[in-house]
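Visitor: I'd like to go through the pockets and helices of this one. Can you put it up?

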Amino acid sequence: MEDVDRNRIVGSRGALAARLDAVAWGIFLIWVGIAFLADVGWGVGLLGVGLITLGAQAVRKSYGFPLEWFWLTTGTVFAVWGAWELLRSQLGEAPISLLPLLCIVIGVVAVLSALLYKPRP
């Protein structure tokens with residue numbers, strides 16, 4: 001009997017996780033449509049995508065689901081990139097583009113995490 005209850009709970013949590021993901025994707029697509037129609041620019045568009053992605057992870061965490069590190073990293077990258085683009089448009093051309101720096105940092109983190117990862121026994 002415990003197995004049936006456990007399967008029901010796991011199944012309902014899985015359904016909730018799927019519903020949260022669907023809502024996040026829906027909000028993302030609505031934002032992309034609005035950003036294109038309103039021609040808000042790359043900075044605002046990327047910042048919005050980053051905030052939506054980070055918000056989805058915050059909602060997952062508030063419901064007791066584990067954070068998805070890929071999406072947490074992706075949301076952070078988009079938010080920082082969008083803020084950088086907004087600053088560039090306000091201050092003029094920056095001496096260096098952020099995209100190559102972000103690629104290098106993400107690559108270093110990926111390599112280090114792969115090399116330092118210790119699987120559980």
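Visitor: Which helices supply at least two residues each to the lining of the second largest pocket?
Guide: α3 and α4 each do. Helices here are DSSP runs of H or I with at least four residues, numbered from the N terminus. A pocket, on a 1 Å grid over the protein atoms alone, is an open set of points where a 1.4 Å probe fits, with protein on both sides within 12 Å along at least five of seven lines; lining residues have an atom within 4 Å of a point.

Visitor: Before we go on, what sort of model is it?
Guide: This is a predicted model: local features need pLDDT of at least 70, side-chain atom pairs count only at pLDDT 80 or more, and totals for chains, interfaces and linings use all residues. Residues are numbered from 1 along each chain as its sequence is written, and side-chain values use heavy atoms, with hydrogens and water left out.

Visitor: Back to that pocket. Which helix gives the most to the lining of the second largest pocket?
Guide: α3, with 7 residues. The lining includes W69, F70, V77, L102 and I106.

Visitor: How does that lining divide into nonpolar, polar and charged?
Guide: Into 9 nonpolar, 3 polar and no charged. Ala, Val, Leu, Ile, Met, Phe, Trp, Tyr, Cys and Pro count as nonpolar, Asp, Glu, Lys and Arg as charged, and the others, Gly among them, as polar.

Visitor: What volume does it have?
Guide: About 290 Å³, taken as the space filled by probe spheres set on the points, which are joined across faces, edges and corners.

Visitor: And how much space lies in the largest pocket?
Guide: About 400 Å³. Its lining has 19 residues, and A24, W25, I52, T53 and A56 lie nearest the centre. α1 (2-38), α2 and α3 are the elements that give two or more residues to it, and α2 has the largest share, 8 residues.

Visitor: Which α2 residues are buried?
Guide: Among them are I52 and T53, both also nearest the centre of the largest pocket. Buried means under 20% relative accessible area, with a 1.4 Å probe and protein chains only.

Visitor: Where do the buried residues of α3 pack?
Guide: Against α2 and α4 (98-116), where contact means heavy atoms within 4.5 Å. L72, T74 and V77 are among those buried residues.

Visitor: What follows α3?
Guide: G92, with a positive phi near 95°.

Note on methods: Buried < 20%, exposed > 50% of the residue type's maximum accessible area, 1.4 Å probe, protein only.
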